[in-house]
Structures are given as structure tokens and as C-alpha cells.
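Hello,

Here is the structure I promised to pass on to you.

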Amino acid sequence: MQTADLIIRNAKVATLCDATPFVDAVAVRDGRIVAAGSPAEIDALQGPATEIIDAGGRTVLPGFIESHCHADIYGARIHRWADFSWPRVTSKDEVLGIIAEATATLEDGAWFVGFRYDDMKLGGFPTMEELDHAGRGHPVFIYRTDHHNGVVNRAAFERSGLSKLTEDPPFGRIDRDPATGKPTGLVRENAAYVVVDELSKDYTTEDFRKGLRQVFAEFLQYGITSLHNSLTHSNGIRAFQDMRAAGELPLRVGIMVSGKEPGLVESYIRAGIRSGFGDEWIRVIGVEWCPDCSTTGRTAAYYEPYTGTRVLGEPEHNTGMLLYSSEDFRRKVMEATAAGLVVFADGIGDRGIDFVLDAFEAALAAHPNADSRMRVEHSCYATPAIRERMKRLNVIPSSATGFLYDLGDGYIRVRGEAAMKDMWPHKSWKEMGVIAPGHSDAPICHPNPLRGIYSLVTRKTDTAQSLGPEEALELWDALKAYTIHGAYAGREEDIKGTIEVGKLADFVILEEDIFTVDPERIPHIKVARTIVGGKTAYQA
């Protein structure tokens, strides 16, 4: 009899399998689970070289699957851009002080760039004049946490080329003071991307790879063993492969090829690469476009206008915007589907989700597939009519559950409390039999899956505001959103997501028993150990 490479014993192993929810121990050989059961069953597999982990009664879960994040671009920016996430910084004035201090020693003409700025928590956006003063003549750009909007000073407005535009760029907006017609500094969607493209034009694969080492270390600290990389840049694809070749890739990557990078998806179609290409470490799971925008940034597409205080220069009857024409987007979806690439597309507001589903429905009519696993990314405002439509089309609502915790207060402010019952409606998805994985969209939100799991169970934000308690899930189902449902969304449920014989030996060991603690403790539980392929990748 072959012995195990690793045995985890004295544990509360939550398999996430309904038939056998809990076992006491698990054994691993060659990176796969070979047994999960009683101590007697598992101890029989111990040999002289077997590594033994005594979990001390701790809870063991399948490794968390982060089913939508931007690890590659997060890595590219982490060493170049200032992190203004809350509570790292606590006010707009603090941000302005940081900029003033940094620009005092910058080389002439050098940019100052910050990202992860949450205007709702930090006291609004800085004005162009405030950034001019803090910038000391340097171009300054502050990217909002949603990665859809940003603020520039006059030097950045000039340097990026925005000042040369005689009208707003297609599918973007330069906010202007209605009294004077002058730019306020706030640039939205494709106007913001003009600045981002200027800042990113010299990024290299090594920039991505350098930052990814830090990003992956952070993710492993929160028990993430697999991720789906949203809108993956070509430099990110190269970096993942370079890290794999160098033995530096510590977790598993599903590539969602970026439709925002000109020609990238088309190159995959020409090469005949289909979804599923790759292996258990790096796999192409689909292609992605981002037609819809940001709710808390007041640009996501809804049928009803935004509520709350308008930002200076915002249209009076603001229902958001879309970033493609319907004809162009349908063509893209049709071509990718015909080529065997699963399509993922961002839909946040109800109008945005319907826009995506219109294209999906047309593609599925032309290329019928009862198991296409097309995904609407974020799927925030999923009304009953949308839920029924998605079920009929067998489309996956890839749900931005991290938004509940980090951005929920902002959603209430701009959409109203009554709308919350149809935001991220996970109990309804479960009752309908619809698979709905959860994700953080990091670095837009914090990558810790336990924050999203907490909000799925309690329907509370990070400040304890209520988000439609009727849509709360039981803990068991909330955990599935970050394990087996994430695996299903990447068409990998046969190798990931539960603790079963034959599956990959990816585990997270928690310091506290998530099944018995006060639910208010869930977002604060620490990870004791993260195991990928039977090897410890993180240990507290």
C-alpha cells in the first residue's frame, strides 16, 4: 500500500459535500486527496516520510477560490502607485498631505499617482485646484477604488492629452462645472482610461511579475488557493507563465483574457485557443469584456436614475452609461462563442445586465449550448425578471459579494434602501438552483473572502448597515460561493472546491471554528495555514 505524503489530523474537516459534511482527517499523495475520513482510516496511510499536521481541532476548508480579481494589474501598480485605500488613509486632507510631501522630492515632470481612493469614505473627491496645490506643478492622478473614475490636476489634464479633446471621448465623460464649463478634474470611464493608458504604456512583464509576488503572498494569507484573473493583460499572461517556469507561482490561475486590450482576444481566436486550454496551474477559462461600470461611482447602467447628492457636473437624470454599442458588443460575443471561448462580461445595474444578456442570448441562439457557463460578472442588481432570464439562459451570476462589505454603504446611498433586496440576491439564486460564486474584485475591494462570506450570512456592510436581510444565506451555502461554486464557474468542479478523494489538495486551516463563532467574528478570523497541492504555501 502506498503511504501518504501529508496527513492532516485532529481537525474539523468541512468537506463542503452535502452527503458527508464533516470528517476528522485527510490524507494527500502527489498533490491530490487520497482519503478523507476517520482517524483510523487515515492513520493507516502514514509512512516514515509522511508529513503530519496536527490541526489542534481547527477547522479545515477547501481552499478559497477568488473567482474575479485583477491580480495582474494590481501587481503592476503596487510598487508604482500610492495606496489610498481606507483605512490606510482616513480623509481627503490626509491624501492631499501625502501628495504634497511626495511631490516635494519628485524629479521634474514626474507623475504622482494614487489608487483605491474611496470618495464616500474619505470625504469626497479632491478638486482640480486642490490637486494643483498639492502637486507643486507635477501631474497628479487619483484613481477611484472602482477603477472606473479618477481625478486629475491641470498638469495631468494636459500631459494625458485630455485637454486636446474638443468633446468627451466615446463612452466616457469629462465632468465640467455647469456654470463655467471648465473641467472639475473628475474624469469617468473612457476619459479616465485615457490617463491610465498614458501611465501604463511602458509597463513590462517584469513589472507585473515583481508585484505579483507580493499580491500572491497577500492572497495566500487569506486562504486563497485559486483565482480567476479578470481582464488579464498580455503582460499578466506572460508573467504567470514566467513565474510558473521559475517555480514562483504559489497558487492556481484561471485566465479571463482581456477584451479591453486591443487585439488580444482576436489573437486567441486566430490561434484556435479555446476555453480549458492549460493545466491545473494556469488555464484559459474564457474571455471578458466590461460593458457596464460602477454603481458607487454613479456610472453603472440602471433603468432608474441615481439617488442622493449629485457630484458637480453630473447629469440631472443620471442612469449611468454603457461602454459599447449593442452591435459591436454582440459581434464580439458571437465571434468568441463561435471560436469555443466562454464569454464573461460585466453587468452591474439592471440595464447593464440586460445589455449583456441580450448579446449572450443572441450568441446562444446561434450556437446552442446548454452548458455554456457564460458569466455576468458582478451581477449586482438582479431583479426577479433578470433572475428568471439568467436561469432560462443557464448563465452564471458571478456575484461581487465583496461589494456588500466594502461598498454596501455606498450602494445604499446612491440606489436607496429599497433596492437592496435585489442586490446580490443569493438566497433567491439558491432557491432557483442557480450556481452563484462570490468574489472580491480585488484590488477594488479587500481580497479576504471571509468579508464576503460574513456579508452573505448577515447581509451587513462593514459599518453594520442592513442590505436586505431576506436574501441572507446559511453559512454552509455562503462557503460554497467561495469554493465549489467558484470551481464550477471555471469548469473545474471535478478537481476543486470540495474535500473529496481525487481532488487537488488545496486547503485553508482557520484559527477559529467558523461554524460555531458569533457571525460577527467571521471577517476577523485569521488563517492558520494555506496549503496548495499538499504543500504549505502560507503559515501564520
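Let me begin with D371, which is partly exposed at a relative accessible area of 28%; on this scale, buried means under 20%, exposed over 50% and partly exposed in between, with a 1.4 Å probe and protein chains only. Before going on, please note that this is a predicted model, in which local features need pLDDT of at least 70, side-chain atom pairs count only at pLDDT 80 or more, and totals for chains, interfaces and linings use all residues. Residues are numbered from 1 along each chain as its sequence is written, and side-chain values use heavy atoms, with hydrogens and water left out.

**Salt bridges**

D371 forms a salt bridge with R491, at 2.9 Å from N to O; the term stands for a side-chain nitrogen of Lys or Arg within 4 Å of a carboxyl oxygen of Asp or Glu. Helices (H or I, at least four residues) and strands (E, at least two) are DSSP runs, numbered from the N terminus. R491 is partly exposed as well, with 39% relative accessibility.

The count of salt bridges comes to 45. One of them joins D202 to R80 at 3.6 Å, N to O. This pair also links distant parts of the chain: 122 residues separate D202, in the loop between α7 (190-200) and α8 (205-221), from R80, in the loop between α2 (71-78) and β9 (82-83). D202 is partly exposed at 47% relative accessibility, and R80 is partly exposed at 39%.

**Around E493**

E493 sits in the loop between α18 and β21 and is partly exposed, with 25% relative accessibility. Leaving aside residues up to four places away in sequence, E493 touches R373, I484, A487, Y488 and K503, where contact means heavy atoms within 4.5 Å. With R373, the side chain of E493 makes a polar contact of 2.9 Å. A polar contact is a pair of N or O atoms within 3.5 Å; within protein, one must be able to donate a hydrogen and the other to accept it, and residues adjacent in sequence count only if both atoms are side-chain atoms.

**Strands and sheets**

An open sheet is built from four strands in the order β5-β4-β1-β6, with mixed pairing. β5 (32-37) and β6 (51-54) are its edges: each has a single partner strand, so one side of each has no neighbour in the sheet. On average, neighbouring strands here are turned by 15 degrees against each other, direction ignored; the axes are lines fitted to C-alpha atoms, for helices over the stretch in contact, and angles run from 0 to 180 degrees between N-to-C directions. β4 (residues 25-29) pairs with β5 in the antiparallel sense over five bridges, and V28 has I33 in β5 as its bridge partner. Two strands count as paired if DSSP finds at least two bridges between them.

Elsewhere, β12 (residues 149-152) is covered on both faces, with N149 and V151 buried on one side and G150 and V152 buried on the other. Three bridges pair β12 with β11 (residues 140-144) in the antiparallel sense, and V152 stands opposite F141. β11 and β12 form a hairpin with four residues between them, and H147 in the turn has a positive phi of about 60 degrees. β12 is also joined by three bridges to β14 (residues 183-189), again running antiparallel, with V151 opposite L186.

**Cysteines**

How many disulfides does a search of the whole structure find? The search finds zero, taking a disulfide as a pair of cysteine sulfur atoms within 2.5 Å. C293 has its closest cysteine sulfur in C290, 6.5 Å away, which is too far for a bond. For C380, the nearest cysteine sulfur is that of C445, at 9.5 Å. C293 is buried at 4% relative accessibility, and C380 is buried at 0%.

Finally, N235 lies in helix α9 (residues 234-245) and is buried, with a relative accessible area of 9%. Beyond residues up to four places away in sequence, N235 touches Y203, T204, T205 and F208.

Best wishes
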